[in-house]
Each structure stands twice: as structure tokens, then as C-alpha cells.
Amino acid sequence: MHTLYQENLLDHYRNPRNWGSLPHPTHRGSAENPTCGDKLEVDIDVWHDKIKAIRFRGSGCAVSQASASLLSEHVLGMKKEDVLSLTKETTFKLVGVPLSPVRVKCALLSLETLQQAVINS
Amino acid sequence: MQTIHHIKKQFPIFENRPDLVYLDSAATALKPELVLQSMDEYYRNYSANISRGLYPLAECATTAFEAAREKVLRFIHAESPAQVIFTANATHAINLVALGLEEIFSPGMNIVVTSLEHHSNYLPWKELAKRTKATLRVAPFHKDGFLEPQELLKHLDNQTRIVAFSAVSNVFGVQSPVEEIIKILRAKYPEVLILVDACQAVGHIEVDLLKWDADYVVFSGHKLFGPTGIGVLTGKEASLKLLSPKNVGGGTVLDACSTETRYKKLPENLEGGTPNIAGAIGLGTAIEFIESLGIDALHQHEVNLTKLLIEALTNTFGDTIRILGTTESSKRVGIVSFILKGIHPHDLAHLLGEQDISVRAGEHCASPLHLAMELGASTRVSLSLYNDEQDIEKLISAIKKALILFH
């Protein structure tokens, strides 16, 4: 049977990229899925309108945490307005496997956290 | 108790999915063929509306619907059909009570609930308190997963109008001493109204309205092998009479035209619109199904399996597993929730699902409970009559497999 837990997803869960915090972020965001306790926070450093550095941190299921890692690699160097234009389809593509409605929420937590950070400054 | 093979044969889902290990009966129970047939028969042979038509088909439908009401009445030891109100589900039933009692509330009064409640027995009261400017008081639960009478009593005073609590927590699966709680509360506050959420009790243990002495009891049909979309509000007739009809419409009224509307008596005044006729018939059949097996035999089966499950989980996973609530299986109804180190409940449930094992993960619509326990989520296994030792072995083996992936 096809599994959600492909090696790529598990790798990003076990070894999340861009994990931790930034000493002087220009933007910060946080979000939580209260129905399961998945939590994420993000620090970003925006320079000339582009994401120069990004760090995620949090706790929760593999899908929520791995999505954050995958997304962080995707947006590095991206313009702020392009980050705001990212849709849930971007996340689905990054995760790379079909998601049930419940897991969609897990996967989208990172995008919600990031876009919230971009809007805040 | 019949053999597992014989029981499973009565549930058509196992014919279509022979490898299914269904461990989520607390969310909804599977449906026996008898229940499906009785509903199908209504739709195919006499699907008329009830209490309205004057032709044989309508009389047939009305008779079957009222027969279902009688079956519920007998099952819970009520005395009159006026005490059995069909609703869409338990949530609807609780909302009927909360909305129906609104007129007796005013600022300064209070409502007592507990922090182990399902959202359906928490939010209607929270909203009622907000609308009427009454206070919502939330009593804690014992760490072993049940409610203590004296602890609940501490939260009542002379301004308490209603206390609402669950007979069995949908997370812990542990029985609270309902009769004792009600006796103790009434001894000090004889006028207080008491609602019991019996969703995880009905179909597992004997529910006797007379013994419990609650004003209101609610449950959902789909958790006792009946269809979705049907529930029951029951209780003392005098207490049900206190509810002003809020779900009004067709079927509820004697005189709709006069300035002062005249409503019918119980139960019709609280059953607005065309009810879930097939659902009620299905529920009646589900009750007969349970009675044919015997509630004591059903409960003993659950207790035996729960003991095996708790032993298997603790022996296999030792310190890495935390069972929520008492490990004393005789106090449970087949529900076991736990936290396992190294894997989030969502991931565990997903991986088990990929191996055709259905468990529930999350906060099970009980966020005050999870907040009180400082937990984000838990995994819940709920056993029923179509589960056996083999299902437990498959579950343990599947959990081990899931853990390998995460280590």
C-alpha cells in the first residue's frame, strides 16, 4: 500500500532544514492547530524585499514539521509578495503525496505561519 | 456470547473488508445487517411520512416509528412515550435542553459542567451562560478518568440551575458513579436540574433512567450500532415539560394561527419537522440486536478485551506508553486512550490506517480535558463486540512497525 511516509518526508522530519531561531529577525509568526497540538513558529530576515534567512521551530506530527522544513527550503531567496501568493497547492506539491482532509490541516500549518510572519513586521 | 466469526458475519462491512480491524467504535459503531434491512424495508415498502397521512402506508410508517419509541422506552426503563424524544443526535438533544431552559436563567445564576466533557456537553452550556449572563463553572476530574461526587458538589451552590456531566468519558473510557453523584448532589440541592451525557454508556452498560434519577439523559443512535442522524433526549416527564420548544415547525403545533401559539404535548412539541423515520426504525432494531446479545455479555466482552489490550500495551511498550485513566479494566467500557513516546498520535493513527487498522487520534472533541492534562493529542482505541484478541495482536504489531519508521 502506498504510504504517506515516504523517505523524503521522514528525512525532513528527522533532519529539519532551517530549524531554530534567528538572532534579529525582521518578521516573526506563529500558529497552532488546537485540535492536535501541532505548533510552529517562524523567524524570517527580509532584505531588499527578499527572504534572506528563515528559521522554523515547533512540535507536532511529522507532516506539520516536515512541511515547515520543505517550505523553508522553497522560500529562501523568494520575494515577500511571492510568499504571500503561495497557495495550498504549493504545499501539496512540496509534500509530494496525497493528503486526507485532516492531514491537509497539518501540512498547511507552516504556510499559515509563514504568511502571517510576512504580514507582520 | 456468540463466536467472533458469527458476530462478524452479521456486519456486512466485514464481507466487503475482511481484513478491517475497526477500533473506533467510540466515534461510531459498525452496523449489523438487521439494522440496515429494517431501514431499507422502510424506504422500499412504506416510506411515507408519519402522523400526517390517512392512508395505510402512512399508518404503517407511524406504527413503526412509534414502535421504535417504545423499544427505546423499554431499553432505558422509562415509563411513558412522552419521555422519549427523538433528535438528530446527542448534540442536538443537549442543545434542545440548553435552549429550552433559557427562560429560567438570569445573571447571577450558574451552570456546572466538568473538564472531561465532550464539546457537545460543554459548548451548549458555555453559549447559554454567555447569552443569559450566567456563570459557567467547570469542575475537574480525577486523574484516573472519572468524576468524583464530592468534587462536583463543591462547585454547586443555591444559584446553580443545571449540572451537566458524562456517564463515561469518551477519552478515558472510565465510568463515573452516576447514581451516587446524583444522590449526593440532590441531597444538598434538591431543585438543581441534572443532565447526563450517556453517549459512551448506552450500549455498553445498563442505563436505567429510574435508578439514575437524572432530569435529562441524552445519547446518539450511531454509537450503539444504529444509524447516524438519530439520537434520544429522555428524562423525567416533569423536567422535559420545563423545556420550551425552540425547534418549532410542522408536527409540533395544535394552533399555529392564534396570537399565542398552542403547542402539542411531549414528545411532539420537541420533535419539529419530519424526523429521521428510517433512523428511528434502525435505532429500534439496533436496540433489539443489543438485547438479543445481552448488555451484560457485551460489557463483559469489552472488559475482557480491555484488560488484554492494556496488558499488551504496557508489556510491549513499558515506560514509553502512557495510558490515560485507570488501568483497572472493570471500570472501563472498551475505550483506551494513550500517548506513545516517539510518535505523534496523528502519525501513528495514519500509519495504522495504512495497515487497515482504524483508531482515532487528536483531542476527540475534548479539548478542555486535553488542556487540563497538558496534552496536545492522544491516540484512542475503542473495542466492541466485533473485536477479539487477534485484533489486539494486529494492533500491537502495527504499532511496533510504525515506531520502527520513526526511530
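**Cores and chain B**

Q: What makes a group of residues a nonpolar core here, and which members of the largest one touch the most others?
A: A nonpolar core is a set of buried Ala, Val, Leu, Ile, Met, Phe, Trp, Tyr and Cys residues joined through side-chain atoms within 4.5 Å. Buried means under 20% relative accessible area (1.4 Å probe, protein chains only). The largest such core has 84 residues, and Phe165(B), Val196(B) and Tyr386(B) touch the most other members. Helix 11 of chain B, residues 277–293, gives the most to this core, with 10 residues. Helices here are DSSP runs of H or I with at least four residues, numbered from the N terminus.

This is a predicted model: local features need pLDDT of at least 70, side-chain atom pairs count only at 80 or more, and totals for chains, interfaces and linings use all residues. Residues are numbered from 1 along each chain, chains are lettered from A and ligands numbered from 1 in written order, and side-chain values use heavy atoms, without hydrogens and water.

Q: Which residues does Val196(B) touch?
A: Leaving out residues up to four places away in sequence, its partners include Phe165(B), Ile182(B), Trp212(B) and Tyr216(B).

Q: How much of chain B counts as buried?
A: 57% of its 407 residues do.

Technical notes: Buried means under 20% relative accessible area, exposed over 50%, partly exposed in between (1.4 Å probe, protein chains only). Helices (H or I, at least four residues) and strands (E, at least two) are DSSP runs, numbered from the N terminus. Contact means heavy atoms within 4.5 Å.
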